[in-house]
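Please consult the sequence and the structure shown here.

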Amino acid sequence: MDKSRRLIDTYLPPAEGFVLESFVATTYQVDFEFFEEQLLAAALGVRSPTSRMRAFRSELERRLQTTDASVLYDLRGCERLARLSPRIDLIPIFGRKLHSKISLLMWVRREPDGSVRDRLMRLIVGSANLTPQGFRENYECIVPMDFGGRSRSPREVLNTAIDMVRRIGAESESPQLKRQLELFQTQADTLADGEPAEDDPAVLVSANEVVPQMGKSWAEVSDVPRKNLQSSRRSGRRGRRPLTHSVT
Amino acid sequence: MLPFLTAYDPLGGSSGSIDPLGALQAYGALAEMLLPGVTTITTRSRYLSMLCAALANAEKHRRFLPGASGLEQRRRAVEPFERMWALACVAALDQGIRLAADGLRGVRDATKAYNDFTRRSKRPTPDFKMLKYQSRTGAVGTYWTALIGGELVLDDTGALSSEGLELAREFPLPKLAEKDCKRLADPEMAHHVSMEFDDLDEWAEESNLVAARRDEREQLGDALTADDRRDCIARALLQMEKSEGLPETWDAKSLERLRGELNSVERAVNLGLPAVVDAILITERFHEAVLAVFHTLRWWGTQHAGQSVEDLLKEEGVRRATDRCRETAQIFRQFRESCDQIAIRDAVHSLTSFAYAIDHATSARLVVDRILHRHRQVQSGKINGGVPKRDWVSYDNGKALRPSPRFQLKKPAPYAAGKSLTHPYRLEPFIHMLRENDVLPRLKRGVR
């Protein structure tokens with residue numbers, strides 16, 4: 001993958017000849033104008049500028065005819081709905097707070113007769129909301145992982161991400177989302193198990209699983225029987241009382 | 001890959017970040033009425049011939065799907081040809097042909113590849129990376145609109161028109177075996193294609209950006225003026241050239257001259273082009289005036305943070321500037337009301353309510369309030385659609401001005417005298433291409 005640190009670049013096709021086939025994203029906040037006119041436009045390769053709005057919309061709609069795009073967002077994190085293409089499935093989540101920022105992208109490369117030649121997938125997990133601030137201004141931390149082609153990323157990470165999105169969107173009953181996740185799963189099932197390279201993430205966990213997972217990973221690499229993990233965020237009656245977990 | 005911190009990426013913002021008062025829509029519509037199909041980045045007309053030749057080669061050796069799928073296939077099919085041709089342009093420059101690669105998209109990558117082939121004595125091939133995304137920023141991404149505007153390809157499929165085929169015949173092809181020509185049209189197979197250096201040099205002499213022969217230039221000139229409006233503008237420009245010469249940079253005075261010449265071209269009058277130029281002048285003057293006040297507010301808020309805006313409004317220069325806003329708004333409003341061309345009225349519609357509000361402002365303070373209100377509307381997405389973006393500058397407790405840190409200004413804006421233009425109207429690149437093809441006389445060396 002390119003060494004670019006621009007977040008929007010991680011949403012561009014991985015190589016020439018690939019076009020975006022499926023895009024699923026979860027986010028707390030979303031700026032719909034940014035999402036359509038910058039992020040999705042870049043990911044789809046829309047050439048018309050937004051200053052020529054009619055041409056832009058026409059081209060965007062044409063590209064969305066062959067691309068599924070779904071966004072799951074927290075209703076409380078969205079100030080105002082805006083005009084958006086009807087081909088984009090917007091799924092508001094209003095039970096538990098949706099804070100995770102997971103993006104799943106699938107690209108396809110086709111033969112001249114239209115049949116599928118190959119597919120590549122990318123999982124992007126990070127701290128950035130789908131907003132211009134998240135993509136252009138703030139310090140955000142992200143990690144992209146590729147699957148398919150020559151990549152050997154651990155399949156289990158992708159499976160976990162698909163499952164997480166499925167659980168988040170479970171109540172929505174969106175047929176498009178269901179179809180997209182099924183396709184991601186089908187593709188994931190064709191991959192080898194894979195093995196993380198030295199710097200690659202090995203596992204994806206939800207927040208409540210972080211500490212047990214750290215314990216497990218610690219046990220694998222260290223012979224020290226017990227470690228205390230201290231958080232700086234708790235304060236007690238006499239100054240700071242750490243949040244402490246014992247990890248064994 | 002380890003997790004990483006993302007880069008600061010302020011460029012590439014939507015129109016709200018470079019168009020604080022929402023004039024881009026009107027500008028785009030008027031520019032398109034004046035010179036349809038021309039953009040600010042299409043500067044070398046020989047790209048049109050090259051693309052036609054590449055398409056002709058592709059159509060000869062491949063079968064394309066119908067409709068939009070075929071369009072996509074054709075756009076991809078020309079990319080290896082473009083890369084090979086880029087090498088040829090660099091080779092021509094290496095041979096000492098001045099300007100052979102001037103305006104070549106991806107010139108750095110092509111030069112690097114060419115030098116690499118030379119150093120390693122390896123036969124040049126199109127198997128190198130040119131531009132990060134050649135499909136978007138190379139020949140197709142830059143010149144496709146011009147191909148359509150020049151009626152050289154069909155809009156829906158990208159297939160060559162009869163004019164496109166004729167133009168393709170004028171462009172020299174590389175000296176390659178038939179099977180390699182076929183491979184060159186297939187991005188998956190093109191890496192098998194290579195040329196001898198001598199053959200590349202020979203092709204370079206004929207195919208580089210300045211090597212178009214007379215017949216080809218004539219056809220390119222025809223393509224550039226295929227549209228009635230562009231043809232009328234070209235004629236008016238020629239008359240301007242003959243009388244006092246063409247300006248290097250276009251301003252309001254140059255546009256007035258253009259309008260004068262257009263009035264003498266009957267077809268231009270029938271198409272309403274003089275009225276389009278009038279609309280541009282009036283819109284630009286209004287936009288320049290309100291933009292000047294807006295930038296003054298940014299400057300004042302930066303240099304006099306915390307001071308009441310009433311202090312700003314006592315300054316003579318600021319009162320002159322707000323008067324100028326009202327004067328130009330009135331002219332804009334009157335023009336639009338009296339203009340009998342629906343297309344022009346529609347083009348400037350997005351500025352109408354703003355002009356009305358400024359025209360009816362009875363004090364300098366009201367002018368300022370309405371400019372800030374307009375800005376807020378633009379940023380909130382009510383003008384272009386979308387969710388709120390940050391204001392560049394706003395009131396703090398209704399009195400003091402507070403510009404956002406990114407939009408602070410250290411110098412005040414100059415007075416809006418109505419001489420300069422706030423947008424480029426694509427005349428410079430159009431003139432350059434007309435000169436390349438002798439529709440306008442070429443400039444003597446040393447004169448740009």
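Is B:Glu188 buried, partly exposed or exposed? B:Glu188 is partly exposed, at a relative accessible area of 35%; buried means under 20% relative accessible area, exposed over 50%, and partly exposed in between (1.4 Å probe, protein chains only).

This is a predicted model, in which local features need pLDDT of at least 70, side-chain atom pairs count only at pLDDT 80 or more, and totals for chains, interfaces and linings use all residues. Residues are numbered from 1 along each chain as its sequence is written, chains are lettered from A and ligands numbered from 1 in written order, and side-chain values use heavy atoms, without hydrogens and water.

**Confidence.** The model has an ipTM of 0.70 and a pTM of 0.63. For chain B the mean pLDDT (the predictor's confidence in each residue, from 0 to 100) is 89, with 94% of residues at 70 or more. In residues 11-16 of chain B the pLDDT falls below 50, and this stretch has 14 contacts (heavy atoms within 4.5 Å) beyond near neighbours in sequence.

**Strands.** Chain A contains six helices and eight strands; helices (H or I, at least four residues) and strands (E, at least two) are DSSP runs, numbered from the N terminus. Of the seven residues of strand 6 (residues 141-147) of chain A, five are buried, so this strand is largely enclosed by the rest of the structure. Strand 6 of chain A pairs with strand 5 (residues 116-126) of chain A in the antiparallel sense over six bridges, where pairing requires at least two DSSP bridges between two strands. Strand 6 of chain A is also joined by two bridges to strand 1 (residues 4-5) of chain B, again antiparallel. There, A:Cys141 stands opposite B:Leu5.

**Salt bridges.** Over all chains, 42 salt bridges are counted, each being a side-chain nitrogen of Lys or Arg within 4 Å of a carboxyl oxygen of Asp or Glu.

| Pair | N to O distance |
|---|---|
| A:Arg117 and B:Glu188 | 2.8 Å |
| A:Asp163 and A:Arg166 | 3.8 Å |
| B:Asp102 and B:Arg44 | 4.0 Å |

A:Arg117 belongs to strand 5 of chain A and B:Glu188 to the loop between helix 9 (178-184) and helix 10 (197-207) of chain B, so the pair joins two chains. A:Asp163 and A:Arg166 are about one helical turn apart, because three residues separate them in helix 4 (residues 155-168) of chain A. B:Asp102 is partly exposed at 39% relative accessibility, whereas B:Arg44 is buried at 5%.
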